Amino acid sequence: MITGSAIFLALLEGSVGAAVLALTALGLSLVFGVMRVINIAHGEFVMLGAVVAWWCAADLLGAHPLLGFAVALAVAPLIVGAIAVAADWLVLRRVNYDPERTIVATMGLLYIIQQGVLMTYGPDARPLDPPIYFRVQFPGFGYSGYKLIVAGLALLLLGATWLFLARTRIGLYMRATRLDSETAQAFGVPVKRVYAIVFALGAMLAALSGVLIAPIRGAHYLMGADPLLLSFIVVIVGGLGNLRGTLLAAAFIGIGDGMISVLFSPTLAKIIATLLVAAVLVVKPGGLARSTAS
Amino acid sequence: MRVRSSHTPRGLSRRQILAAAGAVSGLQLAKPFIITARAAEDTLKIGLEAHRTGIGAVYGLWYERTSSAAVKVINAMGGIGGRQVELIVEDDATDAKRGTEVIEKFANEHKVDFVFGPLFGNVVGAVAARAGELKLPLFVVSEGSELADGAFNRYVFQTGITNVRSQVTAISPWVIKNVGKKVTMIIPDYIFGYNHRDFFTETAKAQGGTVNAVIAIPPTETSFTKYFSQIPADTDAIYHVMVGPGVLTFVRELGEFFGDKGPKLFGFIDSLEAVDIGAPGLEFLEGSHVWEAFPRYLSGLNTDNAKFYRSAVGIDENGASVDNPKEVCTNSHMFGCWETLFSIKEAVEASGYKGPADKQKLVEAIESTTGYDEGKGHPQGKKQFIGKAHQVFAPQFISKVEGGKLNVVHTASIEESLYEPKADYTKLPL
Amino acid sequence: MSGAATRIYAFHLAVIAALFLVQFALPAYHYGNVTRIMLYAVFAIGYNILLGYTGLLSLGHALFFAAGAYGAGLAAHWWGFGPIAALAVGIGAALLVSLVTGAIVYRTTGVAFLIVTLMLAQAAFLSTLYFNTITLGDQGIVLSLPPIALFGASLRLADPMVKYNAALIAFAGALLLSLWLLRSPFGRVLVAIRENEARTRLLGYNTALYRFTALVISGTLSGLAGALYCILFGYVGSSFASLQYSTEPLLWTLLGGAGTALGPLLGAGIMFYLIEFASSTGIEGYMIIVGVALVVITLWFPEGLAGWFRRLKRVRS
């Protein structure tokens with residue numbers, strides 16, 4: 001059904017998806033780029049953000065969703081950031097950020113977080129009210145106003161992160177460490193502390209994206225798998241250590257996924273999208289963006 | 001891959017920890033050798049293979065609760081054949097590989113007499129095969145139609161819950177007449193979904209309706225809006241049956257897409273099991289209809305036996321846990337565990353089954369059953385059982401969403417749900 | 001063969017002999033478990049050839065496992081092939097898929113390799129759902145195979161002894177092959193590629209060809225595990241191509257010790273019994289125990305368990 005409104009819907013959904021994906025992937029991109037490690041527990045940080053959002057909005061305050069949401073936006077990154085710092089200090093530092101050991105360690109972390117949530121929050125998927133809800137009627141279909149807000153918020157947060165990286169001293173340290181950690185250390189950059197901050201920042205960004213999508217997807221203990229997979233793909237397709245590439249890849253994959261879904265049956269669409277990503281990487285192994293500079 | 005420095009933590013030395021770990025695992029391996037001091041009670045051991053974790057976790061939770069409640073009631077009644085029932089629960093993580101490992105554990109370590117409980121199709125297929133090899137009677141609580149088609153073996157039964165084909169057969173005339181003639185189906189890309197697609201398409205045609213589009217969504221999908229533009233503009237009705245944690249998002253996004261306009265909806269409660277109908281974002285379901293196997297609300301089936309069942313399991317009149325009104329149960333599936341356990345009781349007592357040597361007598365007893373009466377053991381209603389296909393048939397319910405609750409508006413009889421199953425397991429050797 | 005080589009082969013043969021002998025002492029439940037562990041070890045040995053030896057981290061080995069399993073399963077179900085013939089088809093299917101995959105990725109390494117293999121496996125998983133009229137989708141194909149006719153004997157597949165020894169034969173073959181590979185000139189070039197590919201290329205080796213060959217061997221071996229699993233346990237379904245079947249061999253290999261021959265067996269065994277132990281505690285979120293164990297193991301055994309043993313031996317001598 002390739003009508004104009006179908007294409008518009010695809011673009012809309014794709015853009016919202018791309019914005020959220022960019023925010024989710026940015027954290028992973030930072031961690032990957034600066035620390036050169038794969039954090040398999042990244043999706044669990046997203047899930048934690050969603051669970052905290054549920055807890056604030058539906059359980060704790062139950063008053064007005066907007067209040068709960070605002071509280072979650074503040075609280076979730078703090079909680080998740082703290083967990084990340086603990087994980088870095090207790091585990092990652094001790095395996096010396098060795099890539100393979102980090103894989104095993106973060107896989108362990110994934111189980112710990114996931115099962116911890118299962119035992120406390122439970123196995124069911126729970127909904128929460130969006131903080132602001134209105135329905136926008138376009139010709140041919142209705143759309144969630146909240147999703148549009150999410151896209152806007154995601155872009156805002158991305159902008160804030162960019163400012164942080166470009167304009168602050170910590171941001172400078174991060175960029176230096178990403179480019180050349182040994183030289184940075186020689187110049188007095190406290191690399192170990194930067195690693196901890198980067199890991200925490202990556203987790204916080206993930207948690208924020210979790211808070212944003214919770215009113216759309218609900219909160220469920222297994223929901224971290226999808227963001228993990230997608231973030232990975234985006235980070236690598238964008239080009240390792242390349243933040244602009246990550247954003248580009250998020251746009252490409254988000255909107256591309258939306259468009260392909262309009263044209264084909266769901267499973268076939270997913271097969272095509274999957275093979276397309278593989279094709280991109282076979283042809284351009286370094287990812288979409290060429291350079292290593294930000 | 002290179003290790004820069006290896007850092008031995010202080011405290012216990014690595015060697016001590018390894019020794020301790022070795023001791024623990026050795027103990028674990030030695031368990032079957034160690035003769036337990038427990039006196040060998042004459043219990044009947046029944047294994048529940050539950051989806052305690054994984055995508056089926058919410059079903060596993062309620063399957064376990066319902067089964068424990070049923071066992072308690074049965075034991076209070078004097079047990080099965082005079083023996084108390086011991087329920088052993090294992091988690092299969094809703095995974096086929098783990099499921100077969102668990103079946104082996106049930107057979108070889110726990111040495112149970114029977115196993116019941118798998119629900120999700122991917123697990124059912126795998127464990128059915130293994131159960132047949134192990135000659136372990138397996139009672140699935142699943143709804144798959146393959147059993148009655150002869151896809152499994154003579155050790156697999158479904159005595160507690162009906163299959164999709166009979167459900168669809170029962171309700172499609174009502175759907176075509178009352179909801180719409182041109183139907184778009186939204187199903188999961190699972191065998192479960194294809195069952196719906198195939199049988200509904202067939203029965204709808206017989207009623208003068210058509211299925212004008214089928215949108216099969218892969219299980220890994222978490223957002224659905226982008227697929228809705230594939231719904232043809234002239235669709236009268238949307239038939240939806242989604243499973244898994246994504247159903248919440250699915251139902252909400254459907255509402256956002258259509259608003260007040262749009263086709264009428266008919267869904268299977270599978271899309272809404274364990275979901276509170278009054279939850280935020282589900283308002284647009286108001287006025288639509290839903291198939292149920294066992295009405296979630298007491299008002300839908302207000303019999304003494306249903307009340308007894310509900311209070312034993314611990315659900316209130318709204319189908320939520322009495323301890324937590326926000327915890328909605330999976331009533332249209334979990335009753336299958338209750339009824340399965342009682343059907344096992346009836347089969348054991350009818351055949352005089354005392355142990356694994358009597359398996360043949362048990363299987364033949366089940367195969368010669370023609371049905372079950374409505375009662376404490378079968379609160380959902382009277383049942384008909386087609387022995388040679390190992391499958392039970394039951395009444396089906398259609399409810400309307402009104403005021404955030406479900407009210408039963410139509411009951412389809414067993415006869416309306418009957419079809420001629422292909423299987424004849426009685427011809428197979430044991 | 002040199003003295004050291006003889007000793008190493010003797011050690012590994014002793015392990016195989018021990019596995020053969022222990023079957024007469026194992027109670028039924030653990031008998032079945034060890035059968036599975038040996039099969040999983042074959043899968044992990046295949047995976048290890050790529051990761052441990054060549055240094056290529058794949059997140060898509062479910063593709064090969066499933067290719068083998070479906071090759072065997074489809075041949076048995078739709079064409080009525082017996083166990084040995086179906087096994088051959090399964091291995092052939094895995095070989096074919098490995099060749100095609102190798103041709104696609106022979107120039108890809110590093111993180112790109114990670115994602116490309118992941119994507120190919122995902123596409124395969126979705127395809128098993130899409131072509132469900134052939135594959136029977138998620139519910140899968142349930143097989144009832146005739147007995148194996150071997151040297152006049154009729155070996156029923158339901159017999160636990162047949163399963164155990166079939167898995168043992170496969171494991172022994174895979175173990176010895178991987179050991180031989182590791183110590184062969186070919187294997188040494190792989191290790192050189194793992195350590196520093198650019199330098200190896202400068203020395204004149206066609207590293208892409210070596211990586212291609214390693215992938216084909218790796219994929220075929222993993223496919224053998226899949227085909228044998230399908231035949232021995234009478235089932236193949238979509239889940240065999242799912243992400244979980246790609247992360248498991250990775251975990252088994254890393255836990256046991258990448259780059260060692262026995263690491264995969266150790267890793268598969270540890271994970272199996274770890275999960276068993278954890279689930280028997282009855283805790284709702286029992287995998288948390290596994291999570292903690294993974295963290296602890298990688299903290300204290302940087303090179304996996306077999307790697308630790310190996311270093312221990314070296315330190316002693």
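Q: How much area do chain C and chain A bury between them, and what share of it lies on carbon and sulfur atoms?
A: About 3,300 Å², with 83% on carbon and sulfur atoms. Buried area is the accessible area (1.4 Å probe) that two parts lose on being put together, summed over both. The model is predicted: local features need pLDDT of at least 70, side-chain atom pairs count only at pLDDT 80 or more, and totals for chains, interfaces and linings use all residues. Residues are numbered from 1 along each chain as its sequence is written, chains are lettered from A and ligands numbered from 1 in the order written, and side-chain values use heavy atoms, without hydrogens and water.

Q: What makes a residue part of the contact between chain C and chain A, and how many residues does each chain give?
A: Contact means heavy atoms within 4.5 Å. By that rule chain C gives 36 residues and chain A gives 38.

Q: Which class counts describe the side of chain C that touches chain A?
A: It has 29 nonpolar, six polar and one charged residues. Nonpolar means Ala, Val, Leu, Ile, Met, Phe, Trp, Tyr, Cys and Pro; charged means Asp, Glu, Lys and Arg; the others, Gly among them, are polar. Between chain C and chain A there are zero salt bridges.

Q: Why is the pair Lys105(B) and Glu276(C) called a salt bridge?
A: The term requires a side-chain nitrogen of Lys or Arg within 4 Å of a carboxyl oxygen of Asp or Glu. Here the closest N and O atoms are 2.9 Å apart, so the pair qualifies. Chain B and chain C have six salt bridges between them.

Q: How much area do chain B and chain C bury, and which helix of chain B gives the most residues to the side that touches chain C?
A: They bury about 4,300 Å², 57% of it on carbon and sulfur atoms. H3(B) gives the most to that side of chain B, with nine residues. Helices (H or I, at least four residues) and strands (E, at least two) are DSSP runs, numbered from the N terminus. That side of chain B has 19 nonpolar, nine polar and 17 charged residues.
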